[in-house]
Amino acid sequence: MGRILQEITAVSRRIEGMDASISSLTLETKSIRTDIAGFHSRVMELESGVETLETHMSTIQDRDQDLSYLQSKVTDLEDRSRRDDICLLGIPENEEGTDVQTFLSSTIPKLTSLAFEPPLEFQRAHRVGPKRQDGARRPRPIIACLLHHSQTHQILQAARTHGPFRMDKLEVHITADYSKDTTERRKAFLSLRPQLHQLEVKYGLFDPARMWITKNGISRDFYNPEDLRLFLDSLQTQIKQATAPNWSQDTMDEDGHAPSPRPEKGNTERHDLATCPRGRELE
């Protein structure tokens, strides 16, 4: 009988110990539940913050597209405003004296061997940039805006055909005047000429900044130099793999860049940029 009582007492003590452990676990469980509730609240706050950020990102992307569109429109308007401008490179400093317009009225006909009727008239003409010291390696360019667009076209056509011109044993280039963005794109296009020659691709750079390439009778237009570079890299990879390039497949469409149709004959003048003075000057 005494042994049974001892066992009952031991069991009771164990039960009391278990009750204490259960109470401790209950407290810990409540603490965990409190922490989980806090985590849940934080997760909800983070999800709300992510949704807000996604909304802001979408707004930023829309505004970035609008900004790109507006930038392209500004560039287009700036290029259009310069359609009657010509840029003369290589004329020594102070050669024009105090009257740039009078100097150009007599110099341009001599350089281009053109007879202008009526005589050349300018809206404005001036040097670009701060005055350089005598003996400077490169004289400042002269920008001239002509009054008649037909005369601008005549001069630029003569420059493409017969330039560069000679003036007292000096080489003078006459080019169109472009906006900064267009000038940079033209330079980027012209930097790809070695690769175009290596791949035996014929090309032409059209106003204001559009590269037209053709091979085996199939042509493409590119407005973005990076698109052209990627296309040429892809073509070069095909050649290295001894696979004939499939010019009938629209490679750029796979990247979301569809080429424009080939320009109609007669609408645009094609230049061989390997000999074009404008191309050489922009290098």
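**Sheet, helices and nonpolar cores**

Leaving aside its neighbours within four places in sequence, L88 contacts L104, I108, P141, I142, H173 and I174. These contacts are drawn from a predicted model. L88 stands opposite I142 in β3. The two strands concerned, β1 (residues 85-89) and β3 (residues 142-146), are paired in the antiparallel sense over four bridges.

This pairing belongs to an open sheet of five strands, arranged in the order β2-β3-β1-β5-β4 with antiparallel pairing. At its edges lie β2 (122-127) and β4 (165-167), each of which pairs on one side only. Between neighbouring strands of the sheet, the average turn is 25°, direction ignored.

Two helices are in contact with the sheet strands. Helix α2 (residues 100-112) packs on the sheet and touches β1, β2, β3, β4 and β5 (170-176); the direction of α2 makes about 90° with that of β2. Helix α3 (residues 149-162) lies across β1, β3, β4 and β5, and runs at about 130° to β5.

In soluble globular proteins, nonpolar side chains tend to be buried together. In the present model, the largest nonpolar core comprises 24 residues, of which I86, L88, L104, I108, I155 and I174 touch the most other members. At least two residues of this core are supplied by each of β1, α2, β2, β3, α3, β4 and β5. The greatest contribution comes from α2, which gives five residues. Another core, of 15 residues, lies apart from the largest one and includes Y203, I213, F222 and L228.

Technical notes. Residues numbered from 1 in each chain as written. Predicted model: local features only at pLDDT ≥ 70, side-chain atom pairs only at ≥ 80, totals over all residues. Heavy atoms only, no water. Pairing = 2+ DSSP bridges. Axes fitted to C-alpha atoms, helices over the stretch in contact; angles between N-to-C directions. Contact = heavy atoms within 4.5 Å. Core = buried A, V, L, I, M, F, W, Y, C linked by side-chain atoms within 4.5 Å. Buried < 20%, exposed > 50% of the residue type's maximum accessible area, 1.4 Å probe, protein only.
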